Amino acid sequence: MHHHPPEHPGRGYVGESAPRNEDRRLLTGNALFVDDVQLEGMLHVAFKRSDHAHATILGIDTSAALARPGVVAVLTAEDLGDYWQPGPLLVPPPPVQGLVFNQATQVPLAKGKVRHAGEPVVMIIAESRYIAEDALDDVWVDYEPLEPVVDLEAALAPDAPLIHEQLGTNLAAFVPQTHGDYEAAVKDAHVVVSRRFHYDRGASAAMENRCVVANWNARAEELTVWDTTQAPIPIRNGLARMLGLLESQVRVVAPFVGGGFGPKIMMFYPEEVLVPWVAMRLGRPVKWAEDRQENFYATTQERGQVHDAEMAVDADGRIIGVRDRFLHDTGAYDPYGLTVPINSQCTLLGPYDVPHYDSEFRAVFTNRTTVTPVRGAGRQHGVFVMERLLDLAARELGMDRVEIRRRNYIGAEDFPHQWRILFQDFSPLYYDSGNYLPTLEKALEMVDYAGFAEEQRRAREQGRRIGVGVVSYVEGTGIGPYEGARVTIEPSGRVRVATGLGTQGQGHYTVFAQVVAEILDVDVAQVNVVTGDTREFGWGTGTFASRGAVVAGSACHAAATAVRAKVLATAARVLGIPEDEVEIVSGRVQPRGQPERAITLAALSGMANPLRGAVVPGTEPGLEATAYFGPEKGSTASGVHAIVVEVDPETAMVKVLRYIVVHDCGRLINPVIVEGQVQGGVAHGIGNAFYEKLHFDEGGQLQNASFMDYLLPTALDVPRVEMAHRETPAPENPLGLKGVGEAGCIPTGAAFAQAIEDALPEYGLDITEIPLSPNRLFELLESARAASAPEPAPAVP
Amino acid sequence: MIVEGEHRFPAPRQTVWDLLQDPLVLEKAMPGARRLVATGDGTYEGVLRLGVGPVTAAEWKLNVELRDRVPPSSYTMLIDSKGALGFTRGSAKVELIETGPAATTMRYKADLQVGGKVAGLGQRLLDQVAKMMTKQGLDGMGKELDRRLKGLN
C-alpha cells in the first residue's frame with residue numbers, strides 16, 4: 001500500500017477517513033428524501049400500466065375512473081396533445097465505421113401500442129394515492145395481444161414481429177470494432193477455446209424507489225421539481241425545454257436519494273415528464289412515488305447479453321487474440337444509446353495485452369423493460385467472457401489459471417496504453433495508468449493461493465468442498481464531459497461548496513469537503529457541501545460512470561485553489577505585506593510565523609465584501625470562486641478479486657467464505673468511504689452472481705416482481721470484504737483520483753464461476769452463465785453427473 | 001402455465017358432455033363465477049371474481065369459445081379473460097373417454113399465458129391456485145352431475 005502521509009495528520013484531509021458530514025442528518029432521520037416533501041393541496045398519481053408485453057391498444061375507457069369521487073384527472077396519451085413526444089436520445093452513437101443505430105425512445109404514455117409489461121398507459125391524478133390506486137381498477141384498456149419478442153436471436157429472424165414498425169427491424173444497433181487482424185493471427189494459435197456465454201437480467205433494487213414531486217408557483221412563475229434523479233441539471237434543462245420555460249424558472253432538487261445504481265441517471269422517465277406538466281396544468285402540487293412493484297417493471301434494468309466468444313493463445317499461454325460476437329438486449333426502447341454494450345466491448349480486454357481483437361455486437365429490441373446502465377454498466381459481461389476464456393485456455397494448456405493471467409498483463413512500463421477501439425466517451429479506449437502485477441500478487445498473498453491446494457485437501461477430508469477464484473478487471477472511470485463547483489467562504493467562516501452532481505449515498509458531503517478543507521486549511525466539519533440543487537449550482541451532467549469524486553472532486557479542488565488565491569491576495573492587501581508572506585493556518589491568515597497578527601477567514605470574508613469604501617479595481621467581492629473540470633481522458637481503475645467458496649454438491653448451495661478485493665482507484669480521498677463503496681459493490685455483485693435474476697417467461701411476463709420471489713443477498717450471504725488498496729495516481733487530474741463506485745460488482749460473477757468449478761473438479765463443470773442460483777447450479781451438477789455416468793445399457797423393447 | 005389432469009365422472013359420456021356444455025352448470029361450478037351466459041353456439045361470456053395470494057380479488061371478464069367439437073368425445077376451449085389484475089389467455093384440450101357404461105374419464109390439458117399483476121406477484125401460488133380452482137370446479141360439476149343423475153334438475 002502506498003499511503004501518502006497527510007500533510008496535516010488528524011485533520012481529516014485527503015487520504016484520511018474523516019467521519020461523514022452527512023451522517024448526522026441521515027442517522028437522526030432529518031435528511032430530506034423526495035417522498036418526505038409534503039405540500040398543501042398536493043395531489044397524488046397512480047399509473048395504469050400495461051399487463052401485456054406487446055399489444056395493440058384498441059380503446060381506453062376512463063369514464064368510471066373520472067366519476068370516482070376524489071379523482072381530479074385521468075390522462076391518456078391523446079390528452080397530452082403536443083406535449084406527447086418521444087424522449088431524447090441521451091447518448092448518440094459513437095463515430096464507429098460501419099455502425100448502425102436505430103433510435104426508438106420511450107414515450108410519456110403508450111399510444112396505439114404497448115411494448116413492455118409495465119409501460120404506463122393511463123395517468124390518474126387524485127386527492128390521495130389510495131383514491132388514485134382504486135381508480136386504476138376503474139380504467140378499462142382493451143388490448144389486442146401481439147406476439148411478444150423476447151428471445152434475442154428470434155427477435156432478429158426475418159419474420160419476427162416488429163416492436164417498432166417504423167424501423168422495419170428489431171435491430172437497435174450493430175457495432176463492429178477491431179484492432180489487429182484476428183482472422184490472420186488465429187492461424188498461429190496453439191489453442192483456441194470458444195464458448196457461448198449468457199448473462200441475464202437483474203434489478204438494481206435501490207432501497208429508495210423513484211419519486212417525483214412538482215410544484216408550480218404561478219405568482220413567481222417558477223416550477224420546483226424534487227426528483228430522485230442522478231442528473232438534476234440535465235433534468236432541469238430538459239423540463240425547461242419541454243415546458244417552454246427559462247432554465248432559471250425551473251429548479252430541480254435531488255435531495256438525499258436512497259441509492260442510484262444507474263437507473264436514476266436514465267432520463268426522461270415518463271413519470272418525471274408527466275408530473276411537472278400536470279402540476280402546471282392543474283395549478284396544484286403533484287406527487288408520484290414509485291412502489292416496489294412498479295420498480296420491477298418500469299425502472300430500467302440491465303445485463304441481458306449472449307456472447308459467442310473465442311480466444312486464441314500460443315503454447316506459452318500468451319493471448320494472440322479474441323473474437324466475440326454478441327447480442328445485447330436493449331429492451332423496448334434505446335434512449336441511452338450504446339453505452340452499455342460498448343462498455344462490454346471495451347471492458348472485455350481488461351488488464352491484458354490482446355494484440356488482435358475482433359468484436360461485433362447487435363443490440364436488439366425486446367418486449368421487456370428498457371435497458372440502461374446499472375452499476376457496472378456492461379462491464380460485467382465483458383469481464384465474465386474474458387476471464388472465463390482465460391480459465392478455459394489455462395485448462396487446455398494445463399497451466400495454472402493465475403499464471404496465464406500473469407503472463408498476459410500489460411506491463412507497468414506500458415502506460416499510458418492506447419487501444420484503437422472507441423470507448424463510451426467516444427475517445428479511443430485509453431488506459432491512463434496502472435500496475436497490475438503487484439495487485440495480483442497482493443491478492444494471492446491475502447487469499448494464500450500458494451497454500452490453498454493444501455487447505456482444499458484438508459477440507460475435502462472433512463467432507464467439505466471449497467474452491468478459490470482469482471480474477472482481474474479494469475474499469476474506465478472519471479470520464480467527461482465536465483463538472484463544476486463553487487466554493488465560498490461565508491462571513492461566519494464556514495465554507496460552502498456547491499456542485500451540480502446528485503448524491504445517492506456516496507459520501508459526497510464528506511469527500512468534497514475534505515478536498516476543499518485541505519486547500520483552505522479549515523476543519524472538514526466546517527465545510528458545508530450542497531449537491532443536487534440546480535438553484536445552488538446550475539452547470540454539470542450528473543452522477544454516473546464512477547466519475548463523481550474524480551470529476552466533481554477535481555472541480556472542487558480547482559475552485560478551492562482559486563479561493564485560496566483570493567484569500568492570500570485579500571490578506572496581503574489587508575495586512576500590507578506581499579502575498580508570498582501570507583500563510584493560512586487553521587482557518588486564519590497571518591504573516592508567516594506571526595500568529596499574533598492573524599485574521600480569521602470569517603473576518604477576512606467580511607473585508608472582502610465591504611459595505612463602504614471601494615473594492616479594489618480588478619478584484620471581485622467576496623471569497624468565492626467557481627471552477628470547472630473537464631478531463632480530456634478518463635482514469636483507469638483496476639483490481640483483482642479473490643473469492644473462497646464452499647459448495648455443497650448435494651444441495652448446490654454456495655457459501656462465500658472469504659472475499660478479497662485489492663483495488664487501485666488511484667489516490668484515496670477517504671479510505672473508509674472507498675471501502676464502503678467496495679463492500680456495497682461486492683454485495684451487489686454477489687446478488688448478481690447467485691441470487692438475483694429477473695425471470696421473464698416466453699410471453700415477456702416478469703415472473704418474480706416482488707421481494708417475495710426476487711432474492712437479494714442478505715447480510716448473512718455477504719462476508720466482510722478483506723481489502724487492500726494500491727494507489728497508482730491518475731495522471732489526468734490534479735489529485736490523482738480514479739473512480740470506485742462500480743468496482744466491487746464488476747468481476748464477481750467471473751470469480752464465482754471459477755471458484756465453484758475449482759471446488760468441484762470431479763464434475764468438470766463448465767459454467768458459462770450468470771446469474772447462477774442454487775436451482776440452476778443443481779441442474780448443472782445433474783447434467784455433469786449424467787454426462788460422466790456410464791453409457792446406459794440399450795433399452796430392451 | 002400448463003394445467004393438466006384427469007377426472008372420473010360416474011356417468012355415461014353423453015351425460016358428462018351435456019353437463020360440460022351447460023353454462024348454468026359451469027356458472028355454479030366455476031370458482032368465483034358471478035355470471036356465465038351462452039352468447040352463441042359454443043361461445044360464452046361471463047364475469048369472475050378472483051384473487052391470487054397477495055393479489056386482492058377483483059373482477060375478470062371471461063370469454064370462452066368451444067372449438068373442434070367432436071361430441072361426445074372432445075373439444076378445445078379458447079379462454080380469454082382480463083381484468084384489473086391482468087389477463088389469462090390460452091387454450092385447453094378436453095377429452096372424454098368412455099371407461100364403462102356409467103363411467104367417463106375426462107382428460108384436460110390447458111396451456112395458459114398469464115400476465116399482469118397476477119403473473120408478477122402471484123407466481124409461486126399460481127400453480128396451487130390453478131389446481132385448487134380446478135378441483136373446486138370439478139367437485140362442483142360432480143355435485144351438479146349427482147343432482148342430474150338423481151333427476152333433481
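## Nonpolar cores

In this predicted model, the largest nonpolar core holds 152 residues. Within this core, A:Val497, A:Val516 and A:Cys556 have the most contacts. Helix α15 of chain A, residues 548-575, gives the most to the core, with 12 residues. In soluble globular proteins, nonpolar side chains tend to be buried together.

What does A:Cys556 touch, leaving out residues up to four places away in sequence? Its partners are A:Ala485, A:Val487, A:Val497, A:Thr499, A:Phe512, A:Val515 and A:Val516. A second core is separate and has 89 residues. Among its members are A:Ala53, A:Cys211, A:Val257 and A:Ala279.

Helix α12 of chain A covers residues 436-447. From first C-alpha to last, its 12 residues reach 17 Å, close to the 16 Å expected at 1.5 Å a residue. Its buried residues are A:Tyr436, A:Thr439, A:Leu440, A:Ala443, A:Leu444 and A:Val447. Seen down the axis of α12(A), they fall within an arc of 135 degrees, so they line one face of the helix. The general rule is that an α-helix has 3.6 residues a turn, so residues three or four places apart point the same way.

The buried residues of α12(A) pack against both helices and strands of chain A. The helices are α11 (401-408) and α13 (452-461). The strands are β19 (465-477), β27 (635-648), β28 (653-664) and β29 (722-726). After α12(A) comes A:Asp448, with a positive phi near 55 degrees.

Helix α18 of chain A, residues 748-759, also has 12 residues. Its C-alpha reach is 16 Å, close to the expected 16 Å. How many residues of α18(A) are buried? The count is 12 of the 12, so the helix is largely enclosed by the rest of the structure. The buried residues include A:Phe752 and A:Ile756. They also include A:Gln754, A:Glu757 and A:Asp758.

## A buried glycine

A:Gly382 sits in helix α10 of chain A, residues 379-397. Is A:Gly382 buried or exposed? The cut-off for a buried residue is 20 or more other C-beta atoms within 10 Å. A:Gly382 has 31 within that distance, so it is buried.

Apart from neighbours within four places in sequence, A:Gly382 is in contact with A:Ser344, A:Gln345, A:Thr347 and A:Leu348. A:Leu349 is 33 residues away along the chain, yet its C-alpha lies 7.6 Å from that of A:Gly382.

## Chain B fold

Chain B has 4 helices and 7 strands. Along the sequence they run β-α-α-β-β-β-β-β-β-α-α. The radius of gyration of chain B is 15 Å, close to the 15 Å that the globule rule gives for 153 residues, so chain B is as compact as a globular protein of that length.

The C-alpha trace of chain B spans about 45 × 30 × 25 Å along its principal axes. Of its 153 residues, 29% count as buried. Among contacts in chain B with a separation of 6 or more, 47% join residues 24 or more positions apart.

## Where chain B meets chain A

At this interface, 14 residues of chain B are in contact with 16 residues of chain A. On the chain B side, four elements each supply at least two residues: β6 (86-100), β7 (103-115), α3 (117-121) and α4 (123-149). By class, the side of chain B that touches chain A has 6 nonpolar, 6 polar and 2 charged residues.

Technical notes: Residues are numbered from 1 along each chain as its sequence is written. Chains are lettered from A and ligands numbered from 1 in the order in which they are written. This is a predicted model: local features need pLDDT of at least 70, side-chain atom pairs count only at pLDDT 80 or more; totals for chains, interfaces and linings use all residues. Two residues are in contact if their C-beta atoms, placed from the backbone, lie within 7 Å. Ala, Val, Leu, Ile, Met, Phe, Trp, Tyr, Cys and Pro count as nonpolar, Asp, Glu, Lys and Arg as charged, and the others, Gly among them, as polar. A nonpolar core is a set of buried Ala, Val, Leu, Ile, Met, Phe, Trp, Tyr and Cys residues joined through C-beta atoms within 7 Å. The radius of gyration is taken over C-alpha atoms; the globule rule is 2.2 Å times the number of residues to the power 0.38. The expected span of a helix is 1.5 Å times one less than its number of residues. The arc is that of the directions from the helix axis to the C-beta atoms.
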